[in-house]
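Please look at the structure first.

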Amino acid sequence: MRGSKLSQFGQQTFFVGPALLFFTLITIIPFLMGMYYSFTDWNGVSGNVSWVGADNFTAIFTNDPDFWSSFWFTVRFTVLGVVLTNIVGFFLAYFLTKPLKTRNMLRTIFFMPNVIGGLLLGFIWQFIFIKGFATMGDITGWSFFNLPWLGDATTGFWAIVMVFVWQSSGYLMVIYIASLSNVSKEVLEAAEIDGASRMQVLRSIIVPLIMPAVTIGLFLAISWSFKMFDLNLSLTKGGPFKSTESVAMNIYNEAFLNNRYGLGTAKALLFFLIVAIITVIQVRVTKSKEVEA
């Protein structure tokens, strides 16, 4: 019996051990080191690391308006990004679960932007906003195409939102398609027999039954939105005058451009705690609304 347990433990160690080792080396140890460096004054290069205690966090709360400006930008972007990507992803999935002849092709088309890397996608859309929209404006005369899409704080914000939604909706569409495909046909048929309208079926039956997918979709969209960096870098670089700078870019600039690695990791740790609290609350709220068919 004892030998059997030891054998079972050895098998578990053999299969789980390598993954746990790499997870520890790649994730846990760097995270713990980041926590340590957040309490230090270090430029990220020299071997001179000075312990400063909570001074970095005090500086963030009392003398760092750029961080809070970027945080407010990120919050606004996250609210719009989460809502729009989930709405667009859901309705794409809703219509592409209908018996359309081209639905497989359309699914592929809508998912493709998610395959393209964020930096490459950002540079493509930078060309579209600068060259493509200008050409369309000359042809059509519509003022919409002649707006300074990447040169103004307001339009720059909406440009990033547009590209983010265009890129991310396809991934959430796949999740919602999988969930919609599992909704019981008998339940939908019973609702139709009872005289329920399509809107009533959607609101009172379909949405409650796919709440597990909504939980996942919201969680992913919140995570993507808060961590958004590549689109920000390739489209606006945080400009003009840091008006479209996300928190991720602010942390990057602090650590690697200003060579204040300690302060940068303090911002990253604070940001991690805020995002963790928000996502935990979101998961608890949406899970409480999940129902069974």
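The notes below cover ring pairs, a ring cluster and charges over rings.

This is a predicted model: local features need pLDDT of at least 70, side-chain atom pairs count only at pLDDT 80 or more, and totals for chains, interfaces and linings use all residues. Residues are numbered from 1 along each chain as its sequence is written, and side-chain values use heavy atoms, with hydrogens and water left out.

**Aromatic pairs**
- The structure holds 36 aromatic pairs (rings of Phe, Tyr and Trp, its six-membered ring, with centres within 6.5 Å; planes under 30 degrees apart are stacked, over 60 edge-to-face, the rest tilted).
- F90 and F91 pair edge-to-face, at 5.3 Å centre to centre and 75° between the planes.
- F90 is buried at 11% relative accessibility, while F91 is partly exposed at 35% (buried is under 20% relative accessible area, exposed over 50%, partly exposed in between; 1.4 Å probe, protein chains only).
- F129 and W149 are stacked, with centres 5.7 Å apart and 25° between the planes.
- F129 lies in helix α5 (residues 118-140) and W149 in the loop between α5 and α6 (153-181), so this pair ties together parts 20 residues apart in sequence (helices are DSSP runs of H or I, at least four residues, numbered from the N terminus).
- F129 is buried at 5% relative accessibility, and W149 is buried at 6%.

**Aromatic cluster**
- One cluster is formed by Y36, Y37, F39, W42, W51, F57, F229, Y252, F256 and Y261.

**Charges over rings**
- R76 lies over the face of F157, 4.8 Å from the ring centre (NZ of Lys or CZ of Arg within 6 Å of the ring centre and within 35 degrees of the ring normal).
- K98 places its charged end over the ring of Y94, 4.4 Å from the centre.

Methods: Helices (H or I, at least four residues) and strands (E, at least two) are DSSP runs, numbered from the N terminus.
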